[in-house]
Amino acid sequence: MAFGWQGVEADTPAGWELGAYEGDFRAGHACLDDGTQLRFRVRWHDGAGRPTPLQTVLNRYRRSVLKSSKDAEFCVLDPEALPVRFRKDKTMLPFSWEAGVTGQGVVWRCAVCRRIVVAEVMSPPGEEGQKAARRILASVRCHRDDDERLWAVYGFAFRTPDSYNLNESALHSGRLLFSFQGPRQSWLVVERWGLASQLLAKASLDAWPRELLKLRPTWRVDDLDTAETAVPAAGGGPYRACRFSARVRRRRGGVFGSFSRPAPVAGLVWHHADEDKIVAVMAATGDEDSTEHTDLVTRVAGTAECR
Ligand SMILES: [Zn+2]
């Protein structure tokens, strides 16, 4: 099962889910737990400009581990312990610590995405998981080679162009919502809804575009057009789908604010029947004559997977 968040990816075991997260692509962190305890933690920050030496980052971290438990032991390891492919384009310092729980981690500076990343895998006492922990650690990537970012949490995965930045997310079991800001006032929204059959009993799939747009109280929607289609989503399908287009004006500055110029919006909503989910992808462009947003919807929808 892959994990993906803010450009960081890892092959983590099934059952490890996103617990806490914060920040954006430039600086932030994400933690995965197995339902009982913390198993994976990754932190990153922009390493461009005047970069902090890796040794300083590691020393700072070492102090925080030693402070957290007076019996803690901390060792710096040889980078050769990690596979060659993992070491590509990076300078790194692997480390391990023991404080009841065992942590295996690595701090690196990436020459491509220019971030400094600290990734760690934690094993509970008594668990013979050192080899597995090293394998998970060696699967961590801080960027892809295809100019995309993978978002993969709670059994839902999709990819976005790396020019789109997450500016809002709301992750609840009934609804996962990801909202991205792109270049030149373009934006992208990806949603996954649970209990699809119950929802579809209340509003059929071809009514969903209107329902989805209605959830945005600051939007004024004109010229909504819908058409039935099918989606060959990754790892399954084809699924019954509804493609739509509309013109949306967004109210700026409160209830009495003025509306923005109308922007063309395109979307695709489908019923992932195998997992009983509804997935929706919506995009808009700042340029009225462009069809880029329609292509983006198709492209992102093609990468979406429910598990
Ligand atoms: Zn990188």
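These legends walk you through several close-up views of a predicted model.

In this model, local features need pLDDT of at least 70 and side-chain atom pairs count only at pLDDT 80 or more, while totals for chains, interfaces and linings use all residues. Residues are numbered from 1 along each chain as its sequence is written.

**View 1**
Domain 1 brings 10 residues to the contact and domain 2 brings nine, where two residues are in contact if their C-beta atoms, placed from the backbone, lie within 7 Å.

**View 1. The side of domain 1 that touches domain 2.**
Look here for β1 (2-5) and β3 (17-23), each of which supplies at least two residues of this side. Strands (E, at least two residues) and helices (H or I, at least four) are DSSP runs, numbered from the N terminus. With four residues, β1 gives the most. By class, this side of domain 1 has five nonpolar residues, two polar and three charged. Ala, Val, Leu, Ile, Met, Phe, Trp, Tyr, Cys and Pro count as nonpolar, Asp, Glu, Lys and Arg as charged, and the others, Gly among them, as polar.

**View 2. An open sheet of seven strands.**
Follow the antiparallel order β12-β13-β14-β18-β17-β16-β15. Two strands pair if DSSP finds at least two bridges between them. At the edges, β12 (165-171) and β15 (219-231) each pair on one side only. From one strand to the next, the twist averages 15°. Zoom in on β17 (residues 263-272) and β18 (residues 277-284), which pair in the antiparallel sense over eight bridges. His 272 stands opposite Lys 277 in β18. Helix α6 (residues 292-301) packs on the sheet, touching β14, β15, β17 and β18, and its direction makes about 150° with that of β18. Axes are lines fitted to C-alpha atoms, for helices over the stretch in contact, and angles run from 0 to 180 degrees between N-to-C directions.

**View 3. Two loop residues with positive phi.**
Arg 114, in the loop between β8 (101-110) and β9 (115-123), has a positive phi near 60° although it is not glycine. Gln 185, also not a glycine, has a positive phi of about 60° and lies in the loop between β13 (175-181) and β14 (187-193). Arg 114 is partly exposed because 15 other C-beta atoms lie within 10 Å; Gln 185 is partly exposed because it has 13 such neighbours inside 10 Å. A residue is buried with 20 or more other C-beta atoms, placed from the backbone, within 10 Å of its own, exposed with 12 or fewer, and partly exposed in between.
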